[in-house]
Amino acid sequence: MSQTGIRERAKSALQDPLLQQAVQFTTDRLRTRKANVTETFGRWQEWRDRGRDIRAHTIAHLDFYLQQFADNVRSAGGHVHFAADAEEAAQAIVDIAKKRRAKLVVKSKSMVSEEIHLNRHLEDEGIQVVETDLGEYIIQLAGETPSHIIIPSIHKTREQIRELFTKAGGENLTTDTKALTGFARRTLRTLFQSADIGVTGCNFGIAESGTVVLFTNEGNADMVANLPRTHVVIMGMERILPSFADLEVFSHLLPKSATGQNVITYMSCFTGPRRDGEADGARELHVVILDNGRSRQLGDADFQDILHCIRCGACLNVCPVYRQIGGHAYGSVYPGPVGAVLTPLLNPGPEYADLPYASSLCGACFEACPVQIPLHDMLVKLRRRHVAQGLAKRGERAASRGFRLVFARAGRYRAIIRSGRLGQVLVARHGGIDARIGPLRGWTQTRRAPVLAKRSFREGWPGLRQELRQGNRPPATGTEGAPAHETAVNKE
Amino acid sequence: MKVALFVTCLVDSLYPQVGEAMVRLLHRLGVDVDFPEQQTCCGQPAFNSGYWDDAREVARTLLDAFDPYDYVVSPSGSCCGMIYHYYPDLFAGDAESRRRAAALTEKTYEFSQFLVRVLEVSDVGASFPARATYHPSCHGSRLLGVRDEPLELLRHVRGLELVPLPYAADCCGFGGTFAVKMGELSSAMVEDKVRHVEETQAQVLVGTDMGCLMNIGGRMAREGRRVRVMHLAQLLYEGTQAQHRREIVG
């Protein structure tokens, strides 16, 4: 998919001030809201522990719970399709659409549908697809892909949205939220009524009952699921929870982490299609369950936990890298820290091997994650895997060998420091290095680099030790001559 | 109590004054540290790039150096974080090294941690009349869990006006090799950090990791900003020197 590397894509994103402004404005708001709502709610760490335990248990027994879920979907009258990869999943949905002679498909937000490029597959068959989530609708009009898991159009400013809606037929629109959402609402309402198929994602599949649970704010998913004759659910195979009791925990963790909402606006549960005597609901329900590289992570001690992810996007909102470059620079469906881990795991090989390097390993993602996935550790372990697979650059391997050669022996290290000090006179000026060329130019383009000290600590150590041994303990100052630690202890 | 200094390669070669300030301050507090010379580096540059075999050989210098000591104290939350969080994984392969790594993990403390938790000192008797702000290092706070200790020490410094740093918990963009490999991205991050430091109108930026301070300080030096960048150990030690001249700025 991506022709260039993450570094080049990041570079061009950095030159887009509107993008940064939009991303920083929204992630700031989400951060604040999350901090407030979790503080008010209280005992957040205990909720995170509970969330992690439930996800770990579910994924450890995924074969059992997935089977239970599928059996229960079927006994409630739904159809289940297991898809090994993206192609199979898209084909299953295309087949359903063809069988129903569908002309129009409406969709609510689903990252898995992006992963399988569903829209393209349906459009190739001459079927019109309309995104009905406001953010997805915006980027569909712009011909783009989501740049955030929860807020797909996070990179768009109000003015850009106004322009897109005007092109789509909106008259006299202002950048006012009501005006913009009003236009989308009017346009989409007629489409819900004439669509042949509604496609939704699935936040959680409840194994004990075969229920598909959706968390939404706009109410569009209920229209998508209920108004057309056929409802198709597309979900990743890991999206299972054992029971409704477990759902309670995630009804707190998900909206609070994702958008800082105390509760989600709509939590909709679908168990089978419409039954005789019921007033609403689709006549036909299909659940497409996607593997696409997920089952490969099962049993992998380093990476199985990535399947615990509930796609809340909290790691994106706190990531200092995402904050600078937004989602498209990642060049993959899933952006941000979780994308930098998940994408190379689902698509092994050279194409996405550079994504794990788009991180300073600061660990903010782990801290924000409601189920405590150690994303920062996984980024390091992915780099290790890529080195083992020979996907790293040759120069880098040599540099690491050199590092080992010098730093594995204190004597060599000491000698190198000494000769480096002689060498640096060529480039050092005024106690720093400003030369914007050479191997450190990534640093020196924008920052002064320090020089090696005239005398390293270890070179000065014998003198320092002798001085401290000979001299009496120096008199403490400022506190009537008492040794500082005694003062401190007395004050405690 | 036998205490060893793990000075870190960065402080050893680039900022020896930080190591010296730390040794002198600990000496004032009645703790004489030793400096075993086999030590070089915690191995992070290779480890974080995925070269664990290379990292392990370098990390072994620390296992060898610190075996005979009761405590290891270091001026870097990041390097201590590496030991604490990753050595168990790094040395998982053989039982003997794993045991030694576990022992090292047990007895290693970052400087402020050592003062507050081991020595139980939060007032070193320092005075430092200046407006300062504190940048917490990501590894120190998130990998090692050092959050309140540096602030507690700073709050007890007489005359020090401590102002909160906006977006303090956001990474400064250092990230070791990241700063060179992803230079443009790292630069954008440090520019934000410098802007936030400026907003505090602090005369001094304090930290507990020379990696971050080298990055932020390097950017400020290039821009000609007049904020003094100091390791916590330097500020505390200078603050205990009665004659210390208040060359806060410049």
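Select Y137(A), F165(A) and F183(A) to begin: these three residues form one aromatic cluster. Keep in mind that the model on screen is predicted. Across the whole structure, covering all chains, a search finds 19 aromatic pairs.

Next, select F457(A) and F35(B). Their ring centres are 5.1 Å apart and the ring planes stand at 70°; planes over 60 degrees apart count as edge-to-face, so this pair is edge-to-face. To see where each residue sits, show the secondary structure. F457(A) belongs to helix α21 of chain A, residues 457-470, while F35(B) is in the loop of chain B between β2 (33-34) and α3 (44-49), so the pair joins two chains.

Now move to Y71(B) and Y109(B). Here the ring centres lie 5.9 Å apart with the planes at 55°, so the pair is tilted. Y71(B) is in strand β3 (residues 71-74) of chain B and Y109(B) in strand β4 (residues 108-110) of chain B. The two are 38 residues apart, and the pair links distant parts of the chain. Y71(B) has a relative accessibility of 24%, which counts as partly exposed.

The last stops concern charges over rings. In chain A, select R447(A) and W443(A): the charged end of R447(A) sits over the ring of W443(A), 4.5 Å from the ring's centre. In chain B, select K2(B) and Y69(B). K2(B) lies over the face of Y69(B), and its distance from the ring centre is 5.0 Å.

How values were computed
Residues numbered from 1 in each chain as written. Chains lettered and ligands numbered in written order. Predicted model: local features only at pLDDT ≥ 70, side-chain atom pairs only at ≥ 80, totals over all residues. Heavy atoms only, no water. Phe/Tyr/Trp six-rings, centres within 6.5 Å; stacked < 30°, edge-to-face > 60°. Helix = DSSP H or I, 4+ residues; strand = E, 2+ residues; numbered from the N terminus. Buried < 20%, exposed > 50% of the residue type's maximum accessible area, 1.4 Å probe, protein only. Lys NZ or Arg CZ within 6 Å of the ring centre and 35° of its normal.
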